[in-house]
Amino acid sequence: MGRSEIKRPIGRGGGTNDSSGGGSTNLVGKFTQSVRRIVQDVKDEGSPSGQTREQIIETNERLRCVRVRLEESYDTAKKALVNLMNKYGDSKIHKNIFARYPMLKLMIKDVIRLEAEYWTLVEIPKQEQKETVPMFVMRSCSIMEKTQKSGEGVKTAARIQEDAAERRERMDRLETMTTSQIEGENTQMINDMYRLLKKYSGLRNLIRDLKSEYDSSKMYPIFPRYTILKGMIKDIMHHPDYMEVCHEVD
């Protein structure tokens with residue numbers, strides 16, 4: 001048999017067997033991503049924020065968690081005011097003042113009770129005159145983090161596991177990103193949250209003013225107070241802060 005006739009066996013260790021395990025491919029992919037990220041992070045040193053990668057990731061997580069809480073309060077405030085307007089419109093079928101007057105009082109009370117339920121709507125600060133957008137947003141985050149929603153302190157084992165799994169998914173996603181990419185995402189979230197803070201603040205002020213005006217109206221007898229209550233609701237209906245959000249689709 002000539003030398004050229006010798007064939008290399010195909011099997012374990014053979015060069016012609018190109019199949020490899022999925023685990024090896026995943027490891028190589030993750031390793032490659034890590035190397036690319038490290039190389040990019042070296043280029044990104046000296047980023048404008050001056051934060052370490054760990055600090056930037058922590059900021060990302062804080063913004064996401066607080067955003068969820070803020071959106072809940074915003075949706076609650078918006079829904080309460082929209083319901084007020086819907087009920088006011090429905091009440092117009094009643095022409096008798098003695099029938100409609102208690103309806104006006106009740107629909108307003110349904111809104112202003114949110115001021116008594118301190119855990120329902122989060123408190124946010126006013127922006128200082130010289131306070132930048134990032135400074136204001138992060139200060140608002142710190143305040144909202146200190147306030148706990150009713151029932152948040154009690155979590156089932158299943159809920160704890162679910163929260164942990166969601167956090168791992170978020171951390172895995174961030175691990176594939178460069179520091180500058182995460183920082184860019186943080187900047188976008190800060191800008192988005194700033195706009196939401198402004199809209200929420202506008203609705204919250206409307207509810208506060210409604211409560212104050214309602215309490216002040218109690219000194220009047222039924223006929224003038226009936227007119228006052230209608231005027232309070234109409235003022236909100238035409239207020240720019242309400243008109244900006246009342247048409248949003250949930």
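Helices α2 and α4 cross in a left-handed way, meaning the near helix is turned anticlockwise from the far one by less than a right angle. The model is predicted, so local features need pLDDT of at least 70 and side-chain atom pairs count only at pLDDT 80 or more, while totals for chains, interfaces and linings use all residues. Residues are numbered from 1 along each chain as its sequence is written, and side-chain values use heavy atoms, with hydrogens and water left out.

Let's stay with that first pair. α2 covers residues 53-91 and α4 residues 133-146; they pack at an angle of about 65°, with axes 10 Å apart. Axes here are lines fitted to C-alpha atoms, for helices over the stretch in contact, and angles run from 0 to 180 degrees between N-to-C directions. The two are therefore roughly perpendicular, a label for angles of 65 to 115 degrees. On the α2 side, the contact (heavy atoms within 4.5 Å) includes Thr-59, Arg-62 and Leu-63, and on the α4 side Val-137, Met-138 and Cys-141 are among the residues involved.

Now for α4 itself. Its 14 residues should span 20 Å at 1.5 Å a residue, and the end C-alpha atoms are 20 Å apart, which agrees. Buried residues (under 20% relative accessible area, with a 1.4 Å probe and protein chains only) of α4 include Phe-136, Ser-140 and Met-144. The buried residues of α4 pack against α2 and α6.

And α6? α4 and α6 pack at about 70°, their axes 10 Å apart, and this crossing is left-handed too. Among the residues that meet are Val-133 and Pro-134 in α4 and Ile-190 and Tyr-194 in α6.

Definitions and conventions: Helix = DSSP H or I, 4+ residues; strand = E, 2+ residues; numbered from the N terminus. Parallel < 35°, antiparallel > 145°, perpendicular 65-115°, else oblique. Expected span 1.5 Å × (residues − 1). Buried < 20%, exposed > 50% of the residue type's maximum accessible area, 1.4 Å probe, protein only.
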